[in-house]
Amino acid sequence: MSAIIGVVTFPGSLDDRDAARAAARGGATPVRLWHADSDLHRVDAVILPGGFSYGDYLRCGAIARFAPVMETIADAARGGLPVLGICNGFQILCEAHLLPGALTRNQHLHFRNRDQRLRIGTAASAWTNQFLPGQEILIPVKNGEGRFVADSRTLDELEAEDRVVARYIGGNPNGSLLDIAAIRNEAGNVVGIMPHPEHAIDELTGPSLDGLGFFASVLKHLAGSSVRMAANQGVAA
Amino acid sequence: MARVVVDVMLKPEILDPQGQAVANALPRVGVTGVASVRIGKRIEIEFSGEPDLEQARLVADKLLANPVIEDFTIRVEETAKAAAP
Amino acid sequence: MTTTPETIVDGSDSGPAGEPPETPEAKATDAQAPEAQAPEAQAPEAQAPEATDTTAEDVEEAEAAEPAETESTGEPAPAPAPAPTWKEVGFDTVARATGTPFEHQPFLELGLQDDEHAKIEQILGRRPTESELAMYSIMWSEHCSYKSSKLHLRQFGEKAPRSERLLAGIGENAGVVRVSDRLAVTFKVESHNHPSFVEPYQGAATGVGGIVRDILAMGARPIAVMDPLRFGAADHEDTRRVLPGVIAGVGGYGNCLGLPNIGGEVVFDECYRGNPLVNALCVGVLPVGRLQSKAATGPGNLVVLIGAKTGRDGIGGVSVLASATFDAESEQRRPSVQVGDPFMEKLLIEACLEIYDAGLVVGIQDLGGAGLTCALAETAAAGGTGMSVNLDLVPLREASMDPPEVLASESQERMLLIVTPDNLPVVLSICSRWGVLATAIGEVVAPEVGGGRLRIWWRNELIVDVPPGSLADDGPVYARPMREPADRILLLADRAETLPQPSAADELRATVLRMAASPNLCDKTWVTEQYDRYVLGNTVLAQPEDAGVLRIDERSGLGVALSVDGNGRFARLDPYTGAKLALAEAYRNVAVTGAIPVAVTNCLNFGSPEDPGVMWQFAEAVRGLADGCQELGIPVTGGNVSFYNQTGTMAIHPTPVVGVLGLLANVAARVPMGFANAGDPIFILGETRDELSGSEWAHVTHGHLGGTPPTVDLAAEQRLAGVLAEAARVGHLAAAHDLSDGGLAQALVEACLRRGFGAQITLPDGLPPFVQLFSESAARVLVSVSRGQEAAFAALAAERGVPCAALGAVRAPSSVLAVEGLFDIPLDELREAHTGTLPALFGELASRTGEQSGELASRTGEQSGELASRTGEQSGELASRTGELSGELATEPGS
């Protein structure tokens with residue numbers, strides 16, 4: 001049986017079905033997790049999808065972080081559960097302090113959707129091990145508050161610890177510091193990415209197939225860490 | 001030096017989804033008994049000389065507030081203690 | 001200034017209120033005692049069935065207590081009334097209306113004419129109550145009743161070709177077209193012009209929200225939006241105010257709702273300066289069996305209001321906003337603007353779909369421009385039933401609202417459901433799971449009981465008692481006077497074909513560049529980048545492609561193509577032909593993707609119907625569109641009319657915007673617009689004539705509008721579409737691009753720049769090069785054919801009687817657009833001209849050139865070294881612009 005990836009639906013999640021489709025294309029079995037249900041239903045990994053959770057009216061992700069499911073996810077993530085936060089999911093991970101920094105209003109103040117080139121910074125994460133460091137990929141970016149900011153110490157740490165997972169190239173779409181598009185936690189199981197790999201999995205509907213690498217990576221990671229997975233399940237349950 | 005503070009609020013009859021979202025989230029952080037939350041903007045204007053309320057009002061009316069949906073209030077706030085060198 | 005609690009605006013004396021209201025919740029507000037009311041007193045959240053039981057009891061009691069004469073008498077009784085049979089309760093009731101027949105009513109201010117008011121009195125047999133007056137004024141407004149347009153719109157039905165695909169047509173919230181055994185598609189375009197001029201962000205946002213609810217009400221999941229927009233001159237200050245807000249509003253709402261924006265128009269013309277056009281189209285998909293009805297059938301069934309609370313949004317909006325023109329006074333009488341909450345709409349969509357799938361609704365109607373009034377009247381009228389409603393149960397945002405305000409409120413994100421009592425608990429629990437407020441506010445009453453009337457109670461008093469059909473269906477209908485505008489003869493005589501034309505090679509080169517950079521023809525990335533086109537993962541083609549293409553069935557690849565088009569200048573010259581040309585262009589734009597056009601929607605934007613010249617334009621445009629649909633064999637499935645787009649005596653160009661829906665058996669066969677392979681032969685299909693009147697060239701270079709618009713030949717369009725569909729199906733076509741505004745020159749520019757390929761063109765003998773490049777003759781398409789297929793393709797075109805001329809071939813990436821013997825334009829130069837205009841007018845988003853070529857080159861698979869050199873230039877220019885933020889709405893969400 002293939003690995004099970006849970007996709008969380010918050011009220012206002014929009015790319016949840018896309019993330020589930022992408023996980024399935026990548027070879028996993030997607031299941032839907034509900035914001036109000038703190039049970040992770042024994043999933044092997046979790047995706048926090050894009051959208052506007054709870055309308056994102058206060059700060060993006062600020063309210064979602066208090067959802068019952070987030071407490072369980074936070075505990076499980078500290079125990080090693082692979083978690084990918086895409087766009088709004090990245091914002092939620094920052095608000096929940098599972099990742100450092102914050103995502104703020106785009107520097108030009110507009111929502112912006114375009115096909116974006118990225119350079120993979122590190123393959124040392126549960127979600128990027130199938131890429132090569134320095135590899136260029138093309139996936140869509142679309143956000144109004146995607147500008148990654150952090151204090152200089154945090155930025156230095158991210159650089160020093162090889163935790164910048166991807167950077168914008170060919171134009172920074174939102175003014176992110178150090179052109180940061182994606183980062184990981186110290187352990188590498190939690191990744192937040194502003195662009196949308198789930199929209200680059202099908203030649204008919206996306207600019208490339210580069211997004212599939214993220215899902216292939218987590219499957220590879222899970223296959224190589226079944227022992228740790230078992231431990232996670234204990235935490236999650 | 002003094003600062004003029006402009007508070008911009010949605011008019012009372014205008015829907016405030018932002019305040020509503022916050023109000024709905026309050027029980028999650030353990031706060032109950034709140035009837036309503038409304039959110040506005042605070043703008044601080046530092047004049048290089050004496051604060052000019054009339055000019056501040058002009059700025060608020062023409063730029064800071066959208067008179068179709070927002071009201072604003074203006075006041076002078078002394079900043080002696082916080083004054084930067 | 002902002003903190004004083006809303007005080008009660010109620011002119012009536014505050015005499016003893018009599019007995020306290022016996023509404024189920026004692027905390028219901030008393031208008032005479034504001035100090036006693038909690039700031040946010042409102043109806044309870046969990047409206048259990050028992051609340052409805054109370055309603056029902058109230059109904060019976062009140063009915064019993066009702067004096068009999070309210071119903072029958074045909075004329076207002078002259079009542080000297082020594083002892084009134086009614087008591088003063090602080091608001092107008094049916095009993096009071098009966099007892100005070102001569103009380104002055106401000107019907108003129110509400111937009112009703114003398115004869116209309118008299119007709120209401122005749123219908124009711126008494127003067128209307130305040131609430132009834134508000135309801136009639138809304139429902140009989142131009143916006144809701146189509147009183148000026150109805151007579152003409154009938155042609156859409158009368159001339160409609162038979163279509164077995166059509167599951168729901170005109171008169172429903174939106175037309176529904178069957179696209180397979182299992183699936184149907186519904187789509188509609190609507191205007192939100194006036195509100196968008198007053199408050200661009202919210203006006204545009206709620207325009208999107210409104211059309212999405214229309215689609216939802218048919219039982220469909222909304223799957224995409226499109227937005228045809230028109231503004232004044234691109235460099236005018238009004239445009240600078242309105243456009244950014246409108247774009248942000250369309251994006252802010254649609255993005256937050258999770259609907260891809262797949263196309264639309266951005267058109268600039270001085271005539272729209274004071275009357276920008278903000279039209280919005282939504283398309284949805286549903287299983288055939290999930291089609292919903294708006295009929296409130298089944299006596300005893302409950303009337304359930306779900307979604308946002310009711311506030312003072314857009315009170316008077318329909319009657320004042322949608323029918324008054326903008327003048328100096330409008331500053332003073334601005335009604336409160338409706339504010340959209342896309343998050344609530346998203347929840348509403350998910351809750352409704354879950355309720356549909358569980359088979360829990362009898363009928364459903366969205367609350368749009370006329371709010372609760374329209375939804376109650378239309379559901380009851382469609383069901384042929386009566387309805388009893390307890391208005392006290394409507395959850396209010398502000399407790400001090402009075403009944404006419406509650407009935408007229410245009411608060412967004414609300415739907416009205418008709419539900420059996422058995423199903424109510426499940427409906428309430430689904431709504432609660434999604435965080436959507438749901439409240440049973442009344443019940444359906446058998447037509448035999450009390451004559452099938454719509455009765456509304458407030459504080460236990462009957463305040464509305466009307467036949468629902470009189471609101472919904474039997475409004476006034478006007479055959480307004482029409483007269484061909486006197487200036488039209490001169491206009492038609494002033495032909496653009498006689499204007500000075502460039503002929504030297506360098507002049508032609510400069511004209512190509514100038515046209516490519518002109519506001520109407522330039523690249524619209526500045527706009528479309530603010531819209532999410534990817535969400536839902538089924539967008540196969542989106543702007544700037546000729547049509548948006550969506551996959552609707554992942555297994556079979558079944559998909560739809562949609563385009564919306566209009567050309568106000570053509571319609572100004574000849575509204576009959578102009579409407580047909582708009583139809584032809586939308587039809588062709590769908591056809592170039594390889595899709596087969598099947599249905600039409602429209603949004604008819606015009607000046608004041610009280611101006612006989614405008615009325616003539618309208619009648620001609622409707623006739624043209626109806627005739628055109630008949631000729632093409634595709635039905636109009638629904639639409640919208642927007643009148644009074646006029647400031648003083650200056651009306652906009654008549655602007656019929658036409659949307660066409662097409663089907664693609666497999667979206668994998670779709671044909672994009674951009675040249676894709678060097679060496680592919682290029683052809684032009686169709687016949688080019690010397691047709692420059694009304695053209696973009698005449699507009700840009702001479703500021704000229706006159707003459708007759710291009711010939712429209714719908715049979716030729718049909719043949720052309722046939723060739724394109726067949727060629728797409730068998731895989732001949734690498735690219736196909738419609739020729740319209742700007743002619744062949746512009747089509748070449750766009751086909752080259754889309755994916756960064758050059759082209760080598762040799763113009764055929766015959767017409768002068770200038771005419772060949774800039775004529776806007778209809779029924780023409782530019783194609784590039786996969787190498788080796790050209791003979792078969794040419795044979796197909798010949799067989800179907802479609803003129804097909806070889807033009808040249810696609811050249812290498814990053815090369816030139818070359819026209820033999822005339823000019824070469826390097827693509828970089830072309831791109832700079834084409835993409836620089838909007839950022840220069842409205843502010844740079846970020847490094848344009850870098851991102852464009854980056855995207856293009858890597859899409860086509862060839863990363864070249866030139867990309868790397870551009871990556872550095874972005875960061876500095878961003879920082880310089882953060883200062884120019886104006887008072888953007890705090891509520892605009894990001895993500």
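Two residues are in contact if their C-beta atoms, placed from the backbone, lie within 7 Å. On that basis, six residues of chain A are in contact with seven residues of chain B. The chain A side of this meeting has five nonpolar residues, one polar residue and no charged residues; Ala, Val, Leu, Ile, Met, Phe, Trp, Tyr, Cys and Pro count as nonpolar, Asp, Glu, Lys and Arg as charged, and the others, Gly among them, as polar.

The model is predicted: local features need pLDDT of at least 70, side-chain atom pairs count only at pLDDT 80 or more, and totals for chains, interfaces and linings use all residues. Residues are numbered from 1 along each chain as its sequence is written, while chains are lettered from A and ligands numbered from 1 in the order in which they are written.

**Chain C overall**

- Chain C contains 31 helices and 28 strands, where helices (H or I, at least four residues) and strands (E, at least two) are DSSP runs numbered from the N terminus.
- Of its 895 residues, 61% count as buried. A residue is buried if 20 or more other C-beta atoms lie within 10 Å of its own, exposed if 12 or fewer, and partly exposed in between, with C-beta atoms placed from the backbone.
- Among contacts in chain C between residues at least 6 apart in sequence, 84% join residues at least 24 apart.

- In helix α25 of chain C (residues 743–755), twelve of the 13 residues are buried, among them Leu748(C), Glu750(C), Cys752(C) and Arg755(C).
- Leaving out residues up to four places away in sequence, Cys752(C) touches Phe675(C), Phe757(C), Gly758(C), Ala759(C), Leu817(C), Leu827(C) and Leu830(C).

**Helix pairs in chain C**

- Axes are lines fitted to C-alpha atoms, for helices over the stretch in contact, and angles run from 0 to 180 degrees between N-to-C directions.
- Angles under 35 degrees count as roughly parallel, over 145 as roughly antiparallel, 65 to 115 as roughly perpendicular and the rest as oblique.
- The axes of α12(C) (residues 342–357) and α15(C) (residues 424–433) come within 9 Å and cross at roughly 150 degrees, which means that the two helices are roughly antiparallel.
- Ala351(C), Glu354(C) and Ile355(C) of α12(C) make this contact with Val427(C), Ile430(C) and Cys431(C) of α15(C); by class, the residues are five nonpolar, no polar and one charged.
- Helices α18(C) (residues 505–517) and α28(C) (residues 827–835) pack at about 40 degrees with axes 7 Å apart, so α18(C) is oblique to α28(C).
- Leu513(C), Ala516(C) and Ala517(C) of α18(C) meet Leu830(C), Ala833(C) and His834(C) of α28(C), a set with five nonpolar, one polar and no charged residues.
- Helices α7(C) (residues 150–158) and α22(C) (residues 612–632) pack at an angle of about 5 degrees with axes 9 Å apart, and are therefore roughly parallel.
- From α7(C), His152(C), Leu153(C), Gln155(C) and Phe156(C) meet Phe618(C), Ala619(C), Val622(C), Arg623(C) and Ala626(C) of α22(C); six of these residues are nonpolar, two polar and one charged.

**Backbone and loop details**

- Most residues other than glycine have a negative phi, and most peptide bonds are trans.
- Glu413(C), not a glycine, has a positive phi of about 60 degrees and is found in the loop between α14 (403–408) and β10 (414–419) of chain C.
- Glu413(C) counts as buried because it has 29 C-beta neighbours inside 10 Å.
- Ser814(C) also has a positive phi, near 55 degrees, and lies in the loop between β26 (804–813) and β27 (816–819) of chain C.
- With 18 other C-beta atoms within 10 Å, Ser814(C) is partly exposed.
- A cis peptide bond, with omega about 5 degrees, joins Gln543(C) and Pro544(C); Pro544(C) is in the loop between β14 (539–541) and β15 (548–551) of chain C.
- In chain A, Gly144(A) lies in the loop between β7 (136–143) and β8 (147–149) and is buried, with 28 other C-beta atoms within 10 Å.
- Gly144(A) and Asn106(A) are 38 residues apart in sequence and 5.7 Å apart in space, C-alpha to C-alpha.
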